[in-house]
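Morning, everyone. I'd like to walk through the charged side chains in this one. Here it is.

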Amino acid sequence: MDSENNQAAGSDVESENETYERPPSSYGSMKSECDEMEKRSDEEVEGGGGISEVVCFAAPDPPAPPVVGSQMGHSRYTETLYTEATEQTRPPDGMVIDAGSEELDEIEDAELDDDDELLTTCSPEPPEPLEMEGLPQEDESSQPGKLDPELDLPYIFKSIREVLSRLNNDELFKFKIWFKKWEPLPVLQQILDGDVLDFVDKIIELFGQDKALTQTISTLERLEKTEEINELKTRCAKAMFRFYLKEFLFRKSQITHEGVPQAGKQQFLEDVYVEPQISIRGFGGVDPSHEILTQTPKPIQVPSEDSFVALNNLFRLQKDDGSPVKTVVTTGIPGIGMSVSVAKFCLDWSEEKANRDIQYILKLSFRSLRHFRNKEYEEEGISMQDILEYCHAPIKGLKILEEENAKYVIIMDCYDCYEAPLDFQKAPEITDNNTKTHIDTLIVNLIRRNLLPNARLWILGRRAAITEIPSKFVDVVAELQGFTDEMKDDYLIKHFTDAQLSAKIVRHYKRVPIIQILARQPFFTWMVSRIFKSCFKQGNYGSNKPRVTPFLIHFIIIQTNRMLKFYFRKRDNEKWSDVEVNLLRMLGKMSFKMLEKNTNVFTEEDVKDVALDLNEVVVFSGLCTELVPTAITGKRTFCFSHYTIQEFMAALYVFLAFYLESKNVLESGFLPRVFSYKYNGKSAAGLVQCAVARTLGSKLGHYDMFLRYLCGLLSVHCHCNLLAGFLYSHGIPKVEGLVEAEQLLDQTIQTAPEDRKRNLYECIREMTQEDD
């Protein structure tokens, strides 16, 4: 037996009697267990004892079939005593020993049964398929999941090795020289003289399987090895397309522009991301908390804790029958962070932190799909394959999405950005990906699952838009709920490297309860970080509590600018037209009517009463959302994204009527005679006088925040510095008579009930404070 081993080893090792210390291996097929064994093996080579082979003694019952070894020559490096390959390829209950070690000679014949005569030589090449130790290989219900065999390391390793083994010695040497130029690392010099197995093992360790594969193909192209290139591309088509998607999504997702995109203001998503709560039993996503009201008007509700699900587990949910979900619709109020959630989902997949069992993630944003509504496409038609190739060119010629076991996700975000309604009732049925038709028909059939039936669909949009999709085509509706109090603080701390500044900001924003409530929206939390960061640059800032009116002015301005950009393709900060001004004024008018009725819910009829378009109000404006229809009426109902935004819009309407038209809309209707009216209704003090009368003549909380916002809008900073240039032009005179209005509030505090005094103090502060 020893002579056979020596003969086999002699055919694989060059006659030069030199030693070479093997570099460490990440793959494990050639990894040394300990340096002492390597040294002993090297001494055996020098002494002519032959290279040690790893031999498996099969268990008597049942006998294991022999494993076919590699046809390649063995490495000049000493093989290890135990490797991951041998551990995974040895027969059941087989014993692994070193045939060239001293221990083998010490085994007596009596210890070997007759049934142990079958010897299995285990090749150091990776078996197929192989689940590598150290790489997470979880079941389908946990993270990060199990890769498809053709996308995993053993398959890529074997494919590269088999293709390169067809090169002769000269070609292989040239290949290594050219490959070294891609990554001129000194460590590569150590393996230039090694065999193919060593080389593939090392490049995968250094660069990873994806980069090693693509650079192997690029190097073969330099050598003009067309046949080998085509074979490797064919065998690894799935892996190459997955690598393209990972690189594409990583580039798109690793950087985030929060809030309002600005040049030079981008940040790494991982540095600032805080995952919001996501519920699969949502009621509209509106937070019912309020600074003064103990409970806002019905029907606002919040989901229970047991309904929350992690972002990366959306496609691990199951339907009632136990089958996995295929179509997930995600929605939420404006500013809740849907786009950032998509970016995080894609980033985690591209870095193989989650959902490794998902083979591919493709983005088909509705903002991109509306491009195909152009006249040229409407006349000629377009196919689903054309769309896939337009958005992801490397998929051309591949049929991998049509395979029966294909598992992939198509992300279709910004549903509300699509320019036309989809007809799910009358659209013709399309099942062929190459059939050319209208883009609307393709989208409908994709959602119906007639096209690309293996795809998991993730559709995101505002609730008033996604309700267009029939429920029978949706498996799960997930609703983003925003931040908890701990998440708000975590978000703000992450945004600042200065720990003292972040601590100041966290303390400061909590001083005003309504700001803390609104910060449940990630977009509003971003506003808090930006505004307070700027304010704290002033040396004396922070002694007074922040005012809330400037925050809400910034909020409606930013949301209106985003509406113009996302839905109407206007440039950043483009001057508002009369359409936008009228939209906000009429929204304010509707809000004021709702406030008088003491309701927070409106319907399509209420929108028509102020001559506005429903989509413009509940989808485009960024201020409203749709509530989940009740089982009793089934009627569509809507509300503002928070009740206090409705209160602010009502105050804005009253202020604009006063400021631009010299009209006091509070004088109309019943005015309780709480105190005598001594100011002219057309003056600032007269306006505040009417508002105070309504407030004190109503239940606690009905008009209190409305009064606070109205006083805030009267301040010079708000109506001259913040609103000017948007709702009206610069140069309009500032409001006069604020001293009298302040005196009125002071006098009212003297006689007001105790539960009203705190808010009246806040009204004075909103009107007069100037440090923000």
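Start with Glu162: at 23% relative accessibility, it counts as partly exposed. On our scale, buried means under 20% relative accessible area, exposed means over 50%, and partly exposed is in between, with a 1.4 Å probe and protein chains only. A word on the source: this is a predicted model, where local features need pLDDT of at least 70, side-chain atom pairs count only at pLDDT 80 or more, and totals for chains, interfaces and linings use all residues. Residues are numbered from 1 along each chain as its sequence is written, and side-chain values use heavy atoms, with hydrogens and water left out.

Which residue does Glu162 meet in a salt bridge? Arg235, at 2.8 Å, N to O. By salt bridge I mean a side-chain nitrogen of Lys or Arg within 4 Å of a carboxyl oxygen of Asp or Glu. This pair links distant parts of the chain: Glu162 sits in helix H5 (residues 153-164), Arg235 in helix H8 (residues 226-235), 73 residues apart. Helices here are DSSP runs of H or I, at least four residues; strands are runs of E, at least two; both are numbered from the N terminus. Arg235 is partly exposed, at 22%.

Next pair. Arg316 bridges to Asp357, with the closest N and O atoms 2.5 Å apart. These two also link distant parts of the chain, 41 residues apart. Arg316 is in the loop between strands E6 (277-279) and E7 (327-331). Asp357 is in the loop between helix H11 (338-350) and strand E8 (360-363). Buried or exposed? Arg316 is buried, at 15% relative accessible area. Asp357 is buried too, at 6%.

Now a local pair. Lys608 and Glu604 form a salt bridge, the closest N and O atoms being 4.0 Å apart. They are about one helical turn apart, because four residues separate them in helix H23 (residues 604-609). Lys608 is exposed, at 56%. Glu604 is partly exposed, at 35%. Elsewhere, salt bridges with shared partners join Lys158, Arg161, Glu162, Arg166, Glu227, Glu231 and Arg235 into one network. How many salt bridges are there in the whole structure? The search finds 37.

H22 (residues 578-597) has 20 residues and spans 28 Å from first C-alpha to last, close to the 28 Å expected at 1.5 Å a residue. That expected span is 1.5 Å times one less than the number of residues. Just after H22, Asn598 takes a positive phi of about 60°.
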